Amino acid sequence: MKDLYFNADKALAKEFLSNFANANGEAKYIDILQEVANHKIKAVQIDLEDLFNYKDLDEEFLRRVTENTRRYIEIFAGAIDELLPEPTETFHDDDHDILMTQRAEDATNNFDASEPRQNMPPEIKRYFEVYIRAPSKGRPFTIREVKASYIGQLVRIAGIVTRCSDVKPLMQVAVYTCEECGCEIYQDVTARVFMPLYECPSMRCSINKMKGNLILQLRASKFLKFQEAKIQELAEHVPKGHIPRTMTVHFRGEITRKVSPGDVVELSGIFLPIPYTGFRAMRAGLVADTYLEAMSVTHFKKKYEEYELRGDEEEQIARLAEDGDIYNKLARSLAPEIYGHEDVKKALLLLLVGAPHRKLKDGMKIRGDLHICLMGDPGVAKSQLLKHIINVAPRGVYTTGRGSSGVGLTAAVLKDPVTNEMVLEGGALVLADMGICAIDEFDKMDESDRTAIHEVMEQQTVSIAKAGITTSLNARTAILAAANPAWGRYDLRRTPAENINLPPALLSRFDLLWLILDRADMDSDLEMARHVVYVHQNKESPALGFTPLEPSVLRAYISAARRLSPYVPKELEEYIATAYSSIRQEEAKSNTPHSYTTVRTLLSILRISAALARLRFSETVAQSDVDESLRLMQMSKFSLYSDERQKSGLDAISDIYSILRDEVARANKMDVRYAHALNWISRKGYSEAQLKECLEEYAALNVWQIHPHTFDIRFIDA
Amino acid sequence: MGGPPYDCMSNPLGAVRLTFEKAIGLGSETLTHPSAFDGKDWGALELFRHFLFQESGLSQVPILNPKTLRWVQHNCLVRYRGMIQDMLGNEFYVGAYREEGCSWRTNKFTDVSQYAMESPSDTCIWERRLLYCVPVPGQSSWTVLSCDMDPKWSSQSREKRRRMNDEDEVPMDLAPEDEVKRSPITKKMRENEPPASSEPMDLKTASMSTIQFVDKDNLPCLVKIYDSPESDLKLNDVFEFIGVLTFYSELAVEKDENDELSNILYDDARVHLPPNKVPRLHCLVHRKLAVHDFLLGSPIMEPKPHLVKEIREALFRHLTVVLGNDGVAAHFMLLHLLSKVHTRVDDVAVGKLSLNLTGLSKESVSVFGTRLSQAFKNLLPFTNCMPLTLEYLNTASLAPKKDYQTNRLIPGVLQLPEGSHLMVDETQLESGSLNSIGIDNVKLLKNLIEFQKVEYDFQYYKVEMAADVQLLIFSEGKSNIVPADLIVPFQPSSLESSEIPVGEALEAWRWYLATVRSLPHSIGSEMQKVVEDDLVAARQADRSLGSRDFSRWLTMARLISSSLGETSLTLEHWQMVKEMERLRKERLK
């Protein structure tokens with residue numbers, strides 16, 4: 001009865017294998033079988049997704065395959081046995097084939113069907129292996145979610161590999177020969193332990209009452225590669241206050257040697273109990289150990305470039321991209337619990353997005369990664385910002401300048417204690433290749449690392465010439481550094497250069513440099529007092545006034561943005577050149593130049609603009625991007641030299657007025673569009689609120705008229 | 001006797017079986033297939049809850065510890081108090097089975113089938129969770145329930161049980177064909193009195209193997225959890241488990257035979273936690289223990305303000321004497337002892353108040369440190385001490401670490417349950433260099449005191465676990481390794497030793513500390529305004545004040561009003577905070 005049922009399913013399997021056509025109309029499995037017949041490959045992977053997409057899908061059949069996978073592997077293998085085409089290419093006969101031909105000849109001579117042990121099991125003839133792979137749609141299980149009801153079923157699990165055994169041979173079919181009658185006896189081995197046969201069960205021996213001695217033939221027996229591993233739940237799947245669970249995984253045949261400890265993998269496999277044998281079965285018959293018979297291994301991808309969007313994420317991103325305010329929204333969602341610092345967060349967002357790398361024709365590379373340095377008093381949440389960014393980034397390494405391991409930040413040549421060989425071990429910067437490296441306490445870096453970091457920040461490689469090893473490792477990473485001022489706290493009586501305890505050569509490599517100071521003003525103090533009291537009163541932090549986006553959404557949006565590679569259109573070249581030269585001139589005029597505006601600054605402007613264009617999902621850099629990047633640079637400078645501005649005597653309002661007047665005079669017009677005005681003043685580092693204040697104040701003085709709806713400005717001719 | 005036909009105490013499995021049979025409808029027309037339960041409870045727990053809590057059977061259930069282990073019986077109801085130290089994942093077992101021609105039987109709450117399972121024709125596989133529990137680290141002696149029960153009672157019950165063995169249990173429990181169960185060792189277990197000395201000796205030598213198991217009064221236990229959501233039991237929680245004890249000796253023999261055959265990655269709990277050394281408890285009922293549950297015959301009092309104030313006064317006097325007549329330090333100490341993490345907002349653990357007593361030298365620590373630790377041992381349920389020497393920092397494993405060889409979480413010093421007290425003595429620290437372990441340890445301590453979090457090392461990643469530990473630091477100058485919330489220069493004026501407090505006062509103080517720290521607290525809107533203005537004014541005057549200082553003041557305000565038994569902040573309390581801060585500032589100068 002049951003066999004009938006399985007025979008019907010075998011027919012179904014056969015039909016599927018021979019008729020399935022993939023999206024291109026090719027008979028996928030027939031092609032694979034041909035390869036197998038030609039001894040090119042050994043593994044036949046049956047994708048359940050294909051079965052799902054199969055035109056004559058029998059849902060019941062699919063369900064049966066998922067719930068009783070182990071049996072169906074056998075059925076599919078049987079179907080393949082029957083379907084296997086003749087080889088189309090000649091191949092070299094190996095031992096196995098020679099043995100097989102011999103056996104085939106033998107079988108015709110002394111066929112003895114009455115004894116099942118003498119029938120050659122189909123496994124020994126096969127030189128292919130069948131794997132059934134779970135559909136990759138949907139979220140994989142965590143180890144915790146695999147319950148008793150999943151026993152025998154095909155499941156997909158995500159986890160980290162913690163231990164791996166060596167690959168060892170595992171007997172699949174034991175072959176014996178009888179000393180007396182010379183028969184070949186086969187024994188299927190299903191468990192890890194088996195009881196060898198000692199007495200020949202063949203007809204001839206039993207008739208003659210010979211009790212023929214059996215000798216195990218290792219050469220004729222069939223072995224499989226076998227590896228055992230342990231996987232553990234990923235940190236993010238462990239509920240609070242619990243210990244990560246582990247699970248044993250068995251790899252057989254072609255999928256051995258696919259994992260090593262530390263790999264984050266997604267496995268599909270069959271969840272099976274281990275049958276106990278011998279004494280254990282008797283004693284501990286009540287409990288069953290379980291394991292996962294692996295069917296396929298996929299390594300998790302941790303790079304932006306390989307980030308795969310999940311179904312609803314694409315939609316969500318499209319919706320966000322249409323939102324005009326996405327730049328602010330994303331920036332605010334970074335470390336939402338840290339109050340304020342909008343511009344810093346914007347800069348950090350751009351660091352996550354980055355600009356495309358450029359490779360010039362002559363082989364020179366221009367980095368696209370933005371480097372940012374946060375400087376400031378202790379306790380202004382620098383480290384928290386850093387850690388948050390690392391959490392958002394798919395690949396991020398957090399380290400401190402005084403890296404605790406001997407490898408340090410860059411790389412080190414170490415002597416392997418076992419083999420005495422010199423081995424190269426990458427430090428944090430190398431590990432963060434194609435990602436972000438956050439370095440806390442940047443100022444306390446080792447001298448050796450400090451020299452190496454120059455190279456990392458511009459050439460994005462780490463060169464090593466030590467102990468006979470000369471090499472250069474890739475370190476294409478965006479660096480986010482946090483540093484304390486030279487004397488622990490920022491000393492306002494000293495110049496910024498004295499406070500910043502880093503050499504200018506290093507500083508110039510940062511695209512943006514922020515000084516986060518704890519400033520004394522009533523409003524922020526009250527804000528802080530309110531926050532603390534609120535927290536103590538209500539046991540929660542005050543509402544943010546907006547719902548921050550989830551880190552996963554951020555990650556998806558950023559990875560989508562990173563696929564673009566925006567370019568600067570011709571019309572903008574002039575604009576950028578003018579902006580750059582005006583910064584240079586301003587610096588030349590000033591008697592105490594604070595910054596060294598160099599070509600690097602120009603590259604920074606381009607990088608930031610490109611990152612902004614990416615955020616808009618635009619292939620071209622727009623003028624607004626350049627304006628925003630100039631504004632950010634200005635703001636970052638102001639954070640360092642803000643007291644300077646107050647010294648100049650002009651208050652914000654009159655400064656804004658003079659900016660607007662100058663621009664109008666230059667253009668020789670009387671009208672100013674509000675948007676333009678906002679652009680100009682924001683480049684100088686003023687806010688929209690200040691502009692509005694200025695507009696109102698001077699309108700009251702009848703200097704200009706303000707359009708009541710559009711806020712456009714019309715100067716009244718004096 | 002109108003009670004259940006089975007004695008829940010000595011034959012809990014019988015009771016389980018009875019309810020099971022009832023649930024599947026044995027004897028009635030319609031049989032329920034046990035797979036319908038899916039391992040969930042079918043009414044057995046109700047029976048036990050009723051027995052334990054309504055019929056006050058709880059106090060009769062023996063507490064499992066090395067002493068009682070000698071005489072409690074296999075398959076009996078016991079209770080065990082301990083901290084969840086590790087979670088060993090889940091275990092699948094044949095929960096119910098049927099043999100040809102027989103009715104369904106269950107294996108829930110037991111390790112070994114009560115009947116031989118020859119060839120079951122139908123089985124249900126269910127799962128249970130394994131928790132590895134240990135006695136709470138640093139548990140004070142007063143919290144340990146005296147295990148020596150009334151000798152009359154125990155001998156009586158032993159008598160009774162022996163009788164039960166003969167009449168009742170044997171036919172039910174010992175299926176005659178079950179040969180293995182009749183091995184001499186089980187027999188020995190069944191005899192109530194194994195040679196008195198042999199068992200603890202055995203336990204001692206056991207500590208040689210794999211993990212240091214047991215010393216004399218340290219009995220770990222493997223608890224198997226059946227019916228409770230996973231979120232109920234968290235790591236480091238202190239629980240009381242009531243369930244069926246199984247304790248085998250013969251299962252351990254397996255270890256030798258499966259060495260060769262079984263896989264290389266074999267890390268079954270059975271090997272590393274041999275069943276003859278670590279008892280198994282099949283949990284029927286569990287409850288989380290608060291400090292209150294440790295108070296013996298606790299006087300259930302309403303926290304009435306006048307009563308609370310009286311006790312507070314007495315306790316304050318006691319602390320003052322212990323602290324060599326330093327009233328200011330005693331004030332802060334009292335608040336410190338009442339602190340607890342109420343909530344976590346972002347990265348801030350609200351309600352913690354760690355204390356750093358400075359101005360102590362090696363010599364004075366030996367006087368006051370011992371005195372204080374004695375006082376704490378009398379007052380608090382869990383106290384721990386950490387001598388911070390260079391060698392200690394460089395060698396100790398403070399954080400728990402996962403060992404993948406044995407698949408166990410190796411406990412660290414900082415794996416402490418909620419509400420533990422930890423004294424760190426920094427006076428013995430000398431200058432020298434830290435190695436990488438030392439640096440990690442310092443980082444851990446810093447994280448613990450700043451965020452009340454400990455990172456557990458799982459090698460491939462770290463998992464942050466929330467902690468709630470009161471930290472008290474002794475140091476000469478301000479401690480930079482363990483930066484506490486409060487730094488109080490300690491100025492004792494007398495060395496006169498304190499009188500040993502009597503039992504009744506101690507009881508009251510323990511009750512006070514346990515009750516008052518969990519009082520609710522609120523800040524009225526008027527007070528809120530006052531506080532906010534004060535904070536802003538303070539910051540305008542002193543720029544170095546930050547949100548951490550503000551947070552500390554509010555914590556102190558809360559603790560002061562709670563310590564007086566009040567639930568809302570008053571101006572008077574707020575003034576007290578400011579006054580205390582002023583006194584402290586003066587000393588710091």
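This tour goes through chain A and chain B of a predicted model, stop by stop.

Residues are numbered from 1 along each chain as its sequence is written, while chains are lettered from A and ligands numbered from 1 in the order in which they are written. In this predicted model, local features need pLDDT of at least 70, side-chain atom pairs count only at pLDDT 80 or more, and totals for chains, interfaces and linings use all residues, with side-chain values resting on heavy atoms and leaving out hydrogens and water.

**Chain A, domains.** Begin by colouring chain A by domain, using bounds that come from an automatic or database domain assignment: domain 1 covers 1-92, domain 2 covers 311-644 and domain 3 covers 652-715. Taken over C-alpha atoms, the centres of domain 1 of chain A and domain 3 of chain A are separated by 74 Å.

**S268(A).** Next, select S268(A), a residue of strand β9 (residues 264-274) of chain A; helices (H or I, at least four residues) and strands (E, at least two) are DSSP runs, numbered from the N terminus. S268(A) counts as buried because its relative accessibility is 2%, where buried means under 20% relative accessible area, exposed over 50%, and partly exposed in between (1.4 Å probe, protein chains only). A polar atom of the side chain of S268(A) lies 3.4 Å from the backbone nitrogen of A134(A). With neighbours within four places in sequence left aside, the contacts of S268(A) (heavy atoms within 4.5 Å) include I132(A), R133(A), V155(A), R156(A) and E293(A).

**Chain B as a whole.** Now turn to chain B, whose secondary structure comes to 17 helices and 17 strands. Of its 589 residues, 57% count as buried, and among contacts between residues at least 6 apart in sequence, 79% join residues at least 24 apart.

**Strand β1(B).** Select residues 77-98 of chain B, which form strand β1, where 20 of the 22 residues are buried. Two strands pair if DSSP finds at least two bridges between them, and the partners of β1(B) can be shown one at a time.

- Strand β5 (residues 238-246) of chain B pairs with β1(B) in the antiparallel sense over 6 bridges, with R79(B) opposite I242(B).
- Strand β3 (residues 122-134) of chain B is antiparallel to β1(B) over 12 bridges, and here M83(B) stands opposite V134(B).
- Strand β2 (residues 104-106) of chain B runs antiparallel to β1(B) and is joined to it by 3 bridges, A96(B) having T106(B) as its bridge partner.

**The nonpolar cores.** In soluble globular proteins, nonpolar side chains tend to be buried together. A nonpolar core here is a set of buried Ala, Val, Leu, Ile, Met, Phe, Trp, Tyr and Cys residues joined through side-chain atoms within 4.5 Å. Select M333(B), L357(B), L372(B), L472(B), Y512(B) and W574(B), which touch the most other members among the 76 residues of the largest such core. Helix α10 (residues 327-338) of chain B supplies the largest share of this core, 9 residues. Apart from it lies another core, of 58 residues, which includes A393(A), I558(A), A579(A) and L632(A).

**W574(B) and E566(B).** Return to W574(B) and display its contacts beyond four places in sequence, among them M527(B), V530(B), D534(B), W553(B) and L569(B). Finish at E566(B), in the loop between α16 (547-563) and α17 (571-588) of chain B, which counts as partly exposed because its relative accessibility is 27%. Not counting residues up to four places away in sequence, E566(B) touches K309(B), L519(B), P520(B), S561(B) and H573(B). The C-alpha atoms of E566(B) and F92(B), 474 residues apart along the chain, are separated by 51 Å.

Conventions. Polar contact = N/O pair within 3.5 Å; in protein donor to acceptor, adjacent residues only side chain to side chain.
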